[in-house]
Amino acid sequence: MKIAIALTDQSFAHTKSMGIFNVSMGLTKGLMHHPEVTELHILGNNECADTFANSPKHVHLHLMDKPVPRRFERVWWDQVGLPLAVRKINPEWIILPKGFPPFLPLFGHTKLACYVHDVIWEYYENLQNCRNSPFPTHEKLYFKALSYKALKSSDVVLTSTQFNANRFLAHIPSTRPAVVGIGFDPIPEPDATRRRGSGILFHVSSFPHKLTELGIKRLQTWLAHRNDSSDIRIHCIGKVPPHIIPNNANWLYHGKVSREELDNLMMQECRACVYFSAYEGYGMPPVESLRCGLPCVSSDIPPIRENIPAQFLFRNDSEWDFIQTLDGAYDATTPISCPNYPSWEDVADNCIQALKQSSTQA
């Protein structure tokens, strides 16, 4: 099977979604090692060079002679650059892991698979105060239109949860979704000489649907209720203006962290993780925490419920439910039982089977 995958718009430095970045890179690495992929063409940018420098011979990295396309360059790449590149390579399939195809695909004989992560614009359209949307109107309209195009024109729509598949079908009943899941890299070995710390890992974000302000309020109430609060540090990771974080000894703001820093926080510095959200397509951080042995208490919303044990879920509308859930996770004395989550090789195989099934049905 000859496949192309588009990573040109993926960047650790510039991404608005670490989840989509991780899925894009992880899925590509999984496809590299799938026995049925005889040719893999990666449409990349200059940030991909090191990651895929020593790839197997059947993997071809096409650097598009530019850094990550942004603003009008991104529009040009979506609408013109991508179809031209695909027609030149002429693969059997083009996979768009960020889920946004051109309005007029013009891919020749190449079939289209979009990995669509969510339809989050529906959340912001349903807000009573639409001024809370973090997206400029023209940007929201552009990406909403491309999302509709992905659902309508893809030969198969790859996604991570049944929740997503149901939402796609609610908007476009003719959509052909395949729930292939999300994979995870191997877990690093913990340092056996160090005991787990007493901190809380708290995921923050400037996007309103991540409910960071509510999370801060609830954590402050939780600290006030604890007798040992003076020993607890809340490690905030993610991108928010630093002044959003309370200015006292309990709170530490790290900003965006590397994989190594995150592993250290999850496996050594912290005893529990907190993840607030009003809308997700999947919700990777809670699963990443659980896989490292760190209980992650999370908002009880449908996609997270698909992947997280019930004892770690709390209702966003109940302060007492949050406090009880976090207390239970923080004070637990026995190791947590972690479900089995797939590797990227497993997810790549799910994707290949979905592509093959789509070809058979056509």
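Q: What makes α1 mostly covered?
A: Eleven of the 15 residues of α1 are buried. Buried means under 20% relative accessible area, exposed means over 50%, and partly exposed lies in between (1.4 Å probe, protein chains only). Among the buried residues of α1 are I20, F21, V23 and L31. The model is predicted: local features need pLDDT of at least 70, side-chain atom pairs count only at pLDDT 80 or more, and totals for chains, interfaces and linings use all residues. Residues are numbered from 1 along each chain as its sequence is written, and side-chain values use heavy atoms, with hydrogens and water left out.

Q: How do you know that the span of helix α1 agrees with what it should be?
A: The expected span is 1.5 Å times one less than the number of residues. For the 15 residues of α1 (residues 18-32) that gives 21 Å, and the end C-alpha atoms are 21 Å apart, so the two agree. Helices here are DSSP runs of H or I with at least four residues, strands are runs of E with at least two, and both are numbered from the N terminus.

Q: Why is C114 called buried?
A: Its relative accessibility is 0%, so C114 counts as buried. C273 is buried too, with a relative accessible area of 0%.

Q: How do you know that S289 is buried, and what is it in contact with?
A: S289, found in helix α8 (residues 284-291), has a relative accessible area of 0%, so it is buried. Contact means heavy atoms within 4.5 Å. Leaving aside neighbours within four places in sequence, S289 is in contact with M266, C273, L294 and C296.

Q: Why are α6 and α10 called oblique to each other?
A: The axes of α6 (residues 212-225) and α10 (residues 319-330) cross at roughly 60° and come within 10 Å. Axes are lines fitted to C-alpha atoms, for helices over the stretch in contact, with angles from 0 to 180 degrees between N-to-C directions. Angles under 35 degrees count as roughly parallel, over 145 as roughly antiparallel, 65 to 115 as roughly perpendicular and the rest as oblique. The pair α6 and α10 is therefore oblique.
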